[in-house]
Amino acid sequence: MQHPDEGTIHAWLDGALSVEEAAAIEAHVKECPECATAVAEARGFIAASSRILTALDNAPRGVIPTARPRKRFDPLVWRIAASLLVVAAGTLVVVRNREAGGRADAAAADSLAPMRPGASASTVPVTSRVGSGQAVVPAPKVFDLPAQRQAAVAPKKVEDRLAPAVPAAPAAPATLAPMAMVPLASPAAGAAGAAARDRAFGAAPLRIVATPRRIGAKVTLYEVDGDTVTLTESGPPLESVVVTGLSARQATEKAAAQPKRMAAAAAPAAAPDTQERRVAPAPPAPAVVGGQAESNSLATINGQAMNVITWSDAKTGATLTLTGRIPSARLEQLKIRIERERAEAAARKEP
Amino acid sequence: MTDVERLFRTYNAALVRYLTRRLGDRDWAEEVAQETFVRALRQTSITNERAWLFAVATNLVRDEARKDSRRRKHLALLAEEERGAMVEPEETTLERAQEASMARKAVDALAERDRLALLMREEGLDYNEIAEALELSPGSVGTTLSRARRRLVESYESLQQDREAREKNAAS
């Protein structure tokens with residue numbers, strides 16, 4: 001047999017030849033030192049080119065810099081969504097005003113109570129607001145309060161009443177009225193600091209970055225303060241109590257297992273305090289409000305300290321978990337916003 | 001109709017890798033791969049799936065490159081600039097970045113047919129599939145591959161030597 005050419009050697013090494021051809025080449029290469037060298041060289045080229053090509057797999061995600069999210073909604077879309085929200089909230093006010101109940105609003109106002117330790121200290125004691133039954137004052141009264149106050153300045157439409165809730169809040173006396181407005185307009189009641197933060201946060205809906213699919217759970221990623229916060233919603237309604245308790249306990253254990261420095265690094269001021277308060281077996285009033293059990297803890301994901309809040313939705317019984325690197329106080333604020341948006345979404349669904 | 005979900009599960013990873021190596025851009029590669037599967041959806045039957053998919057993907061790249069090569073060239077330049085300023089998602093050592101850049105140059109230096117044949121072979125296509133996808137005779141695939149491999153390795157090694165020489169000069 002004559003010396004096989006380079007192409008045939010490669011074809012042989014790639015297993016592309018017939019059995020007979022392969023056998024013939026094998027026999028020849030054994031006899032021919034020249035071809036044995038050529039085969040060795042070809043093996044080297046095959047291995048080296050594979051290795052070189054592997055280096056290409058780290059290709060950048062190209063033309064668009066990675067730091068920016070790939071697809072963004074037009075700001076116009078957000079503006080439209082925000083206007084729709086205002087209109088929907090306005091409708092809600094009117095509808096709730098007609099009903100004498102206003103239970104959901106009261107509950108939502110209740111849920112706010114534990115979120116603002118600073119606010120409660122400077123305004124009304126938590127117990128009086130949550131427990132005294134002021135919160136379950138019939139809805140018309142609740143909503144009439146801001147209306148009356150504003151009426152002194154100028155008669156306003158419903159939408160107007162909702163929109164400027166933020167500027168109005170810091171000046172407003174520490175009464176129940178702005179609190180009751182919260183689930184519908186903006187979480188601007190109470191402490192001026194919180195109001196300012198929320199103003200910066202914007203009245204627009206939370207920015208949803210992605211909703212990755214996960215079996216058995218609804219996952220939503222929000223962009224907050226330039227960081228990502230994950231909301232996981234899971235659990236069938238009937239099991240929610242069990243699931244909540246379990247997850248709360250797990251969270252406690254997890255938190256206990258964390259090295260101390262982790263806790264200190266992640267949320268220097270807020271976390272250790274609130275954590276104790278919320279997970280303790282016999283907590284003071286704020287821990288379980290309006291049928292909502294919640295837990296607040298630290299966890300680590302990918303080696304980073306994460307704050308975790310778990311609570312269960314009183315209406316659907318779903319277990320909701322908020323996870324993010326932002327301080328837990330911020331997570332609490334976010335929780336309020338999410339609950340508000342959920343309440344609004346539910347209200348839109350069931351007019 | 002073709003079972004696109006199965007096709008996707010079976011071939012997407014290889015196709016995206018092939019296209020990423022060919023294009024040097026993961027986003028673009030994923031786009032082209034998706035378009036390829038969309039085309040497969042319209043197909044009533046495909047005899048050799050892998051060869052068909054790689055051929056269609058290759059043609060899409062070719063068509064697109066022809067259609068807006070100027071725009072792409074401009075974007076590629078911008079991307080190159082960005083790459084300098086960009087923080088890599090994973091920690092890339094300088095060494096690895098240099099290897100990637102030399103590999104890119106060496107692959108770009110190949111003739112298009114040699115490059116495609118080699119990239120397809122790396123994704124496990126056999127000689128008949130490569131011949132079908134690139135409209136070559138099966139007998140010439142070995143020659144094409146041997147040439148592609150030799151040239152790739154040789155130009156990579158020469159780039160490596162240049163770099164070493166430069167580093168030596170810089171050090172002295």
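Q: Which residues does Phe54(B) touch, not counting residues up to four places away in sequence?
A: In soluble globular proteins, nonpolar side chains tend to be buried together. In this predicted model, Phe54(B) touches Tyr18(B), Met120(B), Leu125(B) and Ala133(B), once residues up to four places away in sequence are set aside.

Q: Which residues touch the most other members of the largest nonpolar core?
A: That core has 56 residues, and those touching the most other members are Leu19(B), Phe54(B), Ala57(B), Ala103(B), Ala117(B) and Met120(B). Helix H3 of chain B, residues 49–67, gives the most to this core, with eight residues. Apart from it lies another core, of 14 residues, which includes Val229(A) and Leu334(A).

Q: How many bridges pair strands E3 and E4 of chain A?
A: Eight bridges pair E3(A) with E4(A), residues 227–234, in the antiparallel sense, and one place to look is Val219(A), which stands opposite Thr232(A) in E4(A). The two strands form a hairpin with two residues between them, and Asp225(A) in the turn has a positive phi of about 50 degrees. On E3(A), residues 217–224, strand E1(A), residues 207–210, is also joined in antiparallel fashion, through three bridges, with Ile208(A) opposite Tyr222(A).

Q: What pLDDT does chain B average?
A: Where pLDDT is low, the predicted coordinates should not be read in detail. Chain B averages a pLDDT of 86, and 85% of the residues score at least 70. For the complex, the predictor gives an ipTM of 0.78 and a pTM of 0.42.

Methods:
Residues are numbered from 1 along each chain as its sequence is written. Chains are lettered from A and ligands numbered from 1 in the order in which they are written. This is a predicted model: local features need pLDDT of at least 70, side-chain atom pairs count only at pLDDT 80 or more; totals for chains, interfaces and linings use all residues. Two strands pair if DSSP finds at least two bridges between them. Helices (H or I, at least four residues) and strands (E, at least two) are DSSP runs, numbered from the N terminus. pLDDT is the predictor's confidence in each residue, from 0 to 100. A nonpolar core is a set of buried Ala, Val, Leu, Ile, Met, Phe, Trp, Tyr and Cys residues joined through C-beta atoms within 7 Å. A residue is buried if 20 or more other C-beta atoms lie within 10 Å of its own, exposed if 12 or fewer, and partly exposed in between; C-beta atoms are placed from the backbone. Two residues are in contact if their C-beta atoms, placed from the backbone, lie within 7 Å.
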